[in-house]
Amino acid sequence: MSNNLMAIKLFDEGIAAYLKNNFNDSIIIFTQALKHDSKFALAYSSRGAAHLKAGHTKKAISDFNRSIRLNPNYARAHHLRGLAYEQMGDFASAYCNFDRALEIDPDLAVAYRKRDCVLDKRLDD
């Protein structure tokens with residue numbers, strides 16, 4: 001989490017916009033938060049999630065990569081990056097990301113389901 005109060009305030013606003021399905025607005029707000037704290041890993045992963053929902057898969061992966069570089073043990077960022085790779089049809093990369101998320105957080109139940117799902121897709125190819 002950030003120590004910059006303005007970054008945190010903007011992050012909270014970005015989450016509120018995201019929860020209202022205002023993905024483009026949340027992207028703008030998360031970007032503003034990142035201008036106040038460029039090392040705010042959670043803001044990168046949240047902006048990536050908004051990009052993913054808005055259909056900007058490559059931008060989403062870029063944000064997940066930044067989040068993971070800043071916090072390699074953030075399981076949710078690995079999981080979200082797996083979702084982006086799955087959306088692109090890169091099931092091998094998706095599987096690796098879901099698997100890494102589970103190594104970090106074995107209680108992330110949704111990652112088990114997604115990992116099994118992309119494994120089935122890989123086997124079908």
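The following legends describe close-up views of a predicted model. In this model, local features need pLDDT of at least 70 and side-chain atom pairs count only at pLDDT 80 or more, whereas totals for chains, interfaces and linings use all residues. Residues are numbered from 1 along each chain as its sequence is written, and side-chain values use heavy atoms, with hydrogens and water left out.

**View A. Threonine 57 and its polar contact with glutamine 87.** Threonine 57 belongs to helix α4, residues 57-70 (helices are DSSP runs of H or I with at least four residues, numbered from the N terminus). Its relative accessibility is 13%, so threonine 57 counts as buried (buried means under 20% relative accessible area, exposed over 50%, partly exposed in between, with a 1.4 Å probe and protein chains only). The side chains of threonine 57 and glutamine 87 make a polar contact of 2.9 Å (a pair of N or O atoms within 3.5 Å; within protein, one must be able to donate a hydrogen and the other to accept it, and residues adjacent in sequence count only if both atoms are side-chain atoms). Apart from neighbours within four places in sequence, threonine 57 is in contact (heavy atoms within 4.5 Å) with Leu52, Ala84, Gln87 and Met88.

**View B. Asparagine 97 in helix α6.** Helix α6 spans residues 91-104 and holds asparagine 97, which is buried because its relative accessibility is 6%. The side chain of asparagine 97 is joined to that of arginine 81 by a polar contact of 2.6 Å. When residues up to four places away in sequence are not counted, asparagine 97 touches His78, His79, Arg81, Gly82 and Tyr85. Leucine 83 is 14 residues from asparagine 97 in sequence, with a C-alpha to C-alpha separation of 8.5 Å.

**View C. Aromatic pairs and the cluster of Phe11, Phe30 and Phe40.** Rings of Phe, Tyr and Trp (its six-membered ring) pair if their centres lie within 6.5 Å; planes under 30 degrees apart count as stacked, over 60 as edge-to-face and the rest as tilted. Three aromatic pairs are counted by this rule. Phenylalanine 11 and phenylalanine 40 form a tilted pair, because their ring centres are 5.2 Å apart and their planes are at 40°. Phenylalanine 11 lies in helix α1 (residues 5-19) and phenylalanine 40 in the loop between α2 (23-36) and α3 (41-53), so the pair ties together parts 29 residues apart in sequence. Phenylalanine 11 is buried at 6% relative accessibility, and phenylalanine 40 is buried with a relative accessible area of 1%.

**View D. The pair of tyrosine 18 and phenylalanine 23.** These rings have centres 5.2 Å apart and planes at 65°, so the pair of tyrosine 18 and phenylalanine 23 is edge-to-face. Tyrosine 18 is partly exposed, with a relative accessible area of 22%, whereas phenylalanine 23 is buried at 15%.

Note on methods. Helix = DSSP H or I, 4+ residues; strand = E, 2+ residues; numbered from the N terminus.
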